[in-house]
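Student: I have the sequence and the coordinates open, and I would like to learn how to read them with care. Could we go through them feature by feature?

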Amino acid sequence: MRTRHYVALLGVLGLTMAAAGPASGHGLIGQRFFPATLTIDDPFVADELSLPTVLHIKNRGSEEGPPSLQTDVSGELSKRLSPNLGLSLGGTYTLLDPDPGDSVSGFDNMEVSLKYVFWKSAPHETLFSAGVSWDVGGTGSKKIGAESFDTVTPQLFFGKGFGDLPDAVEWLKPLALTGAFGLDIPTRVHNQTISVNDDGDVDVERELNPKAMQWGFALQYNLQYLQSFVRDVGLPAPINRFIPIVEFAMETPVEGRDAGRTTGTVNPGVIWFGRYCQLGIEAVIPVNTRTGKNVGVIGQVHFYLDDIAPKIFTWTPFHGVLGPTQAQ
Amino acid sequence: MRTLYAATVLLATAAPAWGHAFPDHSEPRVGHTVDASPPAVRIWFDGAIEPVFSTLRVEDADKRQVDRKDPRVSPSDDTLLEVGLPPLAPGRYRVFWSVVARDGHRTEGSFGFRIK
C-alpha cells in the first residue's frame with residue numbers, strides 16, 4: 001500500500017512539473033536567442049545537456065499519504081540527428097521523505113523524445129515543432145511510483161519573439177513566448193489489482209490510467225535583446241544576460257474522475273546565459289489547492305554541447321558535422 | 001566527480017568570450033538620439049569576429065543605404081565592427097549587422113538611432 005501512497009505523491013510531482021520532464025532546446029531564430037526553459041519543453045532542437053535539474057518541494061498530505069519532502073535530480077541529453085530533428089534521453093532520481101514514514105528513493109522511468117522543427121520565420125522570430133515523447137514503462141523504481149507501462153505523448157511546440165512589434169511599443173520587443181501541448185496516452189488503460197480477502201473472496205480492483213493534456217507556456221523578457229536591439233539602458237554584466245521568465249506548467253486529465261480538473265504550477269524565475277552554459281532558478285507555485293499549497297524551487301545547470309565541442313557533439317549520421325547552433 | 005563537475009561549470013562560466021557574438025555596446029548607442037551626425041557607426045562585440053564574414057550597413061527611414069560602404073573590423077580591435085558615415089540629416093536611421101565569431105557562430109541583428 002505504501003507504494004500507492006508514493007504514487008499519489010508523485011502525482012503531485014507530475015502536476016508540478018506538468019507539461020514538463022527535463023526541459024531542453026536553446027536556440028536562435030533571427031536575432032532572437034531563446035534559452036532552454038526549466039519546466040516546459042521548448043521548440044528547438046539542439047545538442048545540449050541539462051545536468052542537473054533539481055526540484056525541491058514539500059507535498060501536502062492527502063487521504064492516500066502523509067506530507068513529504070520531495071527532491072528530484074534529473075538530467076537530459078539532447079542530440080540533433082539533422083538540422084531540424086532532435087532526440088533526447090532523460091532520467092530522474094527521486095527522493096521522498098514522508099512525515100511520518102521512511103524515506104524512499106529511486107529512478108523514475110527513462111524518457112525518450114523525438115522532435116522535428118517543421119516551420120520557422122526568422123523575421124518574425126517564430127517557429128513550430130512537433131514531437132513525441134515516450135515514458136518507458138518498467139525502467140524506473142516501483143517504490144517511488146514509476147509506472148510499469150509505457151506512456152506515449154504526441155506534442156506540439158511553438159516559439160514566438162515579439163521583436164516585430166511596432167516601435168511605439170518597443171519595450172515589449174524583448175518579450176518572447178514559448179508553448180508546449182501534449183496528450184499523455186498510457187499504453188495500459190487500467191491497472192488491475194487482484195487480492196484475496198479474509199473470507200477467501202477474490203477482489204478485482206480496476207484503476208483507470210487516464211489520458212491527460214500536458215500544456216504550458218513560458219513568457220520571457222530577454223535583457224540582452226533589450227540592450228542589443230531595442231535600447232541600450234546601460235545594464236552591466238552579468239545582468240545584461242538575464243532573462244526573467246515565468247513558466248506555466250499545467251495538466252488536465254481528459255477522462256476519469258478528475259477529467260477537466262486542471263492542476264499545475266506557475267514558476268517565476270530567472271535564467272542567465274553564457275557562452276557554454278546557462279543557469280536558471282525558479283519558484284514552483286501551485287496554481288490551486290488541488291495541486292498543493294507549498295512553494296518549491298527548481299534550479300538547473302544547462303550545457304550547450306554544440307558550443308563546447310562542436311566537432312564532437314554536432315556530428316550527425318546523414319548531415320555530417322552541423323557545427324554550432326546558428327541563427328535560423 | 002564533484003570537483004570535475006565544479007571545474008566544468010567554472011570553465012563554462014568564466015570563458016573570456018561568448019559562443020554567439022552579441023553586441024556589447026555601440027556608438028551611437030542602441031535606441032538613443034544623438035545631437036549631430038556621427039562620423040561612423042561602431043559596434044563592439046563581446047568576442048572576436050571574423051572580418052571576411054562580417055557586414056554592417058546603415059539605412060535611413062526610406063530604407064536607402066546611407067553609410068560609406070566601407071565596413072571593416074578594426075585592425076587594432078577584433079571585437080569592433082565599424083562603418084563610416086557621411087554627414088546625415090536629422091531623422092531616424094537603422095543599423096543592420098551580421099557577424100561570425102572566431103569559433104564559427106553567426107549572429108545578426110539590427111537597431112535604430114536618431115539624429116536630432
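Tutor: Let us begin with pairing: two strands pair if DSSP finds at least two bridges between them, and the strands themselves are DSSP runs of E with at least two residues, as helices are runs of H or I with at least four, both numbered from the N terminus. In this model, which is predicted and in which local features need pLDDT of at least 70, side-chain atom pairs count only at pLDDT 80 or more, while totals for chains, interfaces and linings use all residues. Residues are numbered from 1 along each chain as its sequence is written, and chains are lettered from A and ligands numbered from 1 in the order in which they are written.

Student: How many bridges join strand β10 to strand β13 in chain A, and in which sense do the two run?

Tutor: Strands of a sheet pair through backbone hydrogen bonds, either parallel or antiparallel. Here β10 (residues 175-186) and β13 (residues 212-221) of chain A are antiparallel and joined by 10 bridges, with L183(A) opposite M213(A) in β13(A). A further 9 bridges link β13(A), again in the antiparallel sense, to β14 (residues 242-253) of chain A, where V246(A) is the bridge partner of L219(A).

Student: Which elements make up chain B, and in what order do they come?

Tutor: Chain B has 1 helix and 8 strands, running α-β-β-β-β-β-β-β-β from the N terminus. An open antiparallel sheet is formed by 4 strands of chain B in the order β1-β3-β6-β5; its edge strands, each paired on one side only, are β1 (23-27) and β5 (72-73) of chain B. Within that chain, β3 (residues 40-45) and β6 (residues 80-84) pair over 5 bridges, and V41(B) faces V83(B) in β6(B).

Student: Which residues have the most contacts inside the largest nonpolar core?

Tutor: A nonpolar core is a set of buried Ala, Val, Leu, Ile, Met, Phe, Trp, Tyr and Cys residues joined through C-beta atoms within 7 Å; a residue is buried if 20 or more other C-beta atoms lie within 10 Å of its own, exposed if 12 or fewer, and partly exposed in between, with C-beta atoms placed from the backbone. The largest such core has 23 residues, and those with the most contacts inside it include V41(B), F45(B) and W97(B). Elements giving two or more residues to this core are α2 (223-230) of chain A together with β3, β4 (55-60), β6, β7 (91-100) and β8 (106-115) of chain B. Another core lies apart from it, with 11 residues, among them I40(A) and F273(A).

Student: Why does G200(A) count as exposed?

Tutor: G200(A) counts as exposed because it has 6 C-beta neighbours inside 10 Å. It lies in the loop between β11 (190-196) and β12 (202-208) of chain A.

Student: Where is pLDDT under 50 in chain B?

Tutor: The score called pLDDT is the predictor's confidence in each residue, from 0 to 100. Where pLDDT is low, the predicted coordinates should not be read in detail. In chain B, pLDDT stays under 50 over residues 3-18, although the mean for the chain is 85 and 83% of its residues reach 70 or more. Among the elements of chain B, helix α1 (residues 2-13) has the lowest mean pLDDT (44) and β6(B) the highest (97). Chain A averages 88, with 91% of the residues scoring at least 70, and the model scores ipTM 0.82 and pTM 0.85.

Methods:
Two residues are in contact if their C-beta atoms, placed from the backbone, lie within 7 Å.
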